[in-house]
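Hello,

Here is the structure I promised to pass on. Have a look at it first, and my notes follow below.

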Amino acid sequence: MGARMIGIGTALPEKVLTNHDLAEMMDTSDEWIRERTGIRERRIGLPTSALGVQSGRTALEMAGVDPSEIDLLVLSTTTPDQQVPGTSAVIHAELGLRCGAFDLNAACAGFTYGWVVTQSMMDAPCGPRRTLLIGADSLSPWTDWTDRNTAILFSDGGGAVVLEHTDARTMLSWDLGADGNHRELIRGGHGAKISMDGHEVFKVAVRAVSDSVMAALDRAGLGPEDVDVLLPHQANIRIIEAICKRTGIAFERSCNVIEHTGNNSSGTIPLTMAKAHREGLLQPGALVVMTGFGAGMTWATTVNRW
C-alpha cells in the first residue's frame, strides 16, 4: 500500500536578501557566492510556525480537504519557535486540526525522514488515512551574518504536502542513515549561532547521499537510468552536481530551486517538489527519487512511483 500526494503548498518570506546585499555586509561578492553555491538570493523574515501555517493551509486548499479530515500532522524542523511546546502544536491550533501532531528533527534530511515515517504509519491497518507533512525552517535568527561561510547559504522557507492513503504501492524503497561521529561538522548550541566545516560537509555529504541513493535504488530493483525526477536537498548546487556524477543520474533530471531560495533546511525538498509539480514533471508513473542530508550527520532517500 502507499500514499499519494493530493495537495502541496509553499511559504517564503517577502524579504529578499541578495548576494549584493551580503557583499555590503562582509568580504564577499555575487560572483564568489554563485560560483561556489549556485545561490543568487535567499528569503528571510518568518518564524517556523508561520511558514508551516501558510504552506499547510495552501496544501489543504489545493487538496480540497477540511482540517477535520486530517488524521496526523508531522512537522519536520530543526528551528522550533520555542523549546516547549513543539511548533507542531502552534500550527495545529492555527489550522484548526483535530488530530495527533509531533515535531521531527533530522535537520536538513528531516522532510525525507518524515516522508518515510508518515507513509509507514499510513501503511498500518489502523493508520491515518490523510496526513499533513510539513518541512519548515527559519535559519536566519541562528545565522552569523558576519561569517561568509554560512551566511551566504542559510535562509527561511517551508513547504507542506497532504498525503492520502491508496492501495497502490507508491514508496518502493527507502534508506535512512546517520553518523554521529560527524555531529560536530554542523552545530549550534542553545542560544548560539550555527557553525559549519563546509569542506568536510561537502565530502561527507556527497559520499553519504550517493551511497544512500544507490542503496535505495538497488532495494527497489532499479538503476540510475530509471530515475525520471531527482528531488535533492538544496544545500549547494555543487554538491548536487557531484551526487549526480557519482550516482550516474543525469543532472538535467534534478529539480532545483536553490538559486532563489538558498538553504532553508527541511523546507528545501517540498519547495523543490512544488516546482516539479508546477512544471508538470510529477506525472503518474514517474520514478521520483527524494534525497537529503543534514547535521548529525543524517541522510535519507526514498524511491517513489508517482
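In what order do the strands of the open sheet of 5 strands lie? The order is E1-E7-E6-E4-E5, and the pairing is mixed. Strands here are DSSP runs of E with at least two residues, helices are runs of H or I with at least four residues, and both are numbered from the N terminus; two strands pair if DSSP finds at least two bridges between them.

Before the rest, two notes on the source. This is a predicted model, in which local features need pLDDT of at least 70 and side-chain atom pairs count only at pLDDT 80 or more, while totals for chains, interfaces and linings use all residues. Residues are numbered from 1 along each chain as its sequence is written, and side-chain values use heavy atoms, with hydrogens and water left out.

E1 and E7 run antiparallel and are joined by 9 bridges, and Gly9 stands opposite Ala160 in E7. Helix H10 (residues 268-278) packs on this sheet, touching E1, E6 and E7 (contact means heavy atoms within 4.5 Å), and its direction makes about 100 degrees with that of E1.

The other open sheet has 4 strands in the order E8-E13-E12-E11, again with mixed pairing. Its edges are strand E8 (171-178) and strand E11 (229-232), each with a single partner strand, so one side of each is left without a neighbour. E11 and E12 pair in the parallel sense over 4 bridges, and Leu231 stands opposite Met290 in E12.

Now the pockets. A pocket is an open set of points on a 1 Å grid over the protein atoms alone, where a 1.4 Å probe fits, with protein on both sides within 12 Å along at least five of seven lines; lining residues have an atom within 4 Å of a point. The largest pocket is lined by 45 residues, with Phe154, Ile186, Arg187, Ile194 and Ala295 nearest its centre. H7 gives the largest share of this lining, 4 residues.

For the second largest pocket, 22 residues form the lining, and Arg4, Met5, Leu282, Pro284 and Trp306 are the closest to its centre. E1 gives the most to that lining, with 5 residues.

Best wishes

Terms used:
Axes are lines fitted to C-alpha atoms, for helices over the stretch in contact, and angles run from 0 to 180 degrees between N-to-C directions.
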